[in-house]
Amino acid sequence: MFISGIGIVFTRGRGIDSFENALKEGWREPSWTGSLPAYRVSRETLTDASLTKKIRRADKFTKMALFSAFDAYMNSGIIAGNNEKLGIILSTAFGPHSTTFSFIDDILDYGDANVSPTKFSNSVHNAAASYVSSVLGSRGPTVTLAQFSFPFQNALVLADLWLNEGRCEHVLCGCVDELNAVMEYACKMKLKTATDGKIMPFMFSPAPLSVPGEGGAFFMLSKEKCQNNYGEVTGISFSGKTNGKPDITIIDSDGMTGDETLYRETAKSTVAGYSPLFGSMLIGSAFNFAAASLILKNQLVYKCPVTDNPSGIKLCSTASEAGIDQINCVRICGTGKISTIKMQK
């Protein structure tokens, strides 16, 4: 399964170029709401009139999904000759919860007979994927996956099945999650917040620091290698075991899933972690996957944005050109389950 295009919306802008610039620039202080630091997507990032005119009533969750999916489609350079062979998979941990809570508030305030039907339709998890399908003119399979543990990994598994079965020639596969006042409150109550605004990926702490984030990341995945190729996904494992030794292991440690001590056992090669660039999210795997894709395509190692390293593991501590053939992207959920995405150039 080959990566043919990438589209991203995150705290520092829109598009794969913005994400690459962030990897080169390094850590930047988050914005603050009172005592809570967070990486938010600005309103200005989501104001492309050519797209927003087609989704005038859509919420922020949908806009992040559409912008990142559309950019992945355009970045690939692929023109789908058969729209029935273009699949769309959107995965999320929390879905459009801002709209959902707003809809519930309206029921409480005005009664169920007087609430907005548009707000109700946008509160459905699959609404964003439907908007993407409509704007791109896709008539292939479209689905939304919602899961806390491994939303992006399971989306990749499904995309691989569609491609291998011949159901699709290409699959737009990605993740979206948003940050609102309710989520900020939950993070403040349940997580240990980084008081200086810095996530520490390499502390391997049982009580790690977090900085909430939001955004969307989509990938055009293809059965055959295309002209704009970022690399290949060669395996997705949930066993916690990896064969061989990759050139780089990128870990998803961001303080979002609790105890991170097990990440220390996966650090058997040069290790990187880029969560301080985009924040703590249950879909953070998609953004680290994008970083791995850029490393493989550009053959350039990006410096870890925060390099505090009490365990003395080997880090990507400087930016340099290098011959990178294999990368593992590793995520550990709070139950101790480990997922590994294996990639090669």
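I began with strand β12 and saw that four bridges join it to strand β16 (residues 326-332), the two running parallel. (Strands are DSSP runs of E with at least two residues, helices are runs of H or I with at least four, and both are numbered from the N terminus; two strands pair if DSSP finds at least two bridges between them.) Val330 in β16 is the bridge partner of Ile251.

A note to myself: this is a predicted model, where local features need pLDDT of at least 70 and side-chain atom pairs count only at pLDDT 80 or more, while totals for chains, interfaces and linings use all residues. Residues are numbered from 1 along each chain as its sequence is written, and side-chain values use heavy atoms, with hydrogens and water left out.

Next I looked at the other partner of β12: three bridges join β12 to the parallel strand β13 (residues 270-272). There, Ala272 stands opposite Ile250.

Which way do the side chains of β12 (residues 248-251) point? I found Ile248 and Ile250 on one side and Thr249 and Ile251 on the other, all of them buried. (Buried means under 20% relative accessible area, exposed over 50%, partly exposed in between, with a 1.4 Å probe and protein chains only.)

Then I turned to helix α8 (residues 181-190), where Met183, Glu184 and Cys187 are the buried residues. They line one face of the helix, because they fall within an arc of 100° seen down its axis (the arc is that of the directions from the helix axis to the C-beta atoms). On the other side of α8, I noted that Ala181, Tyr185, Met189 and Lys190 are exposed.
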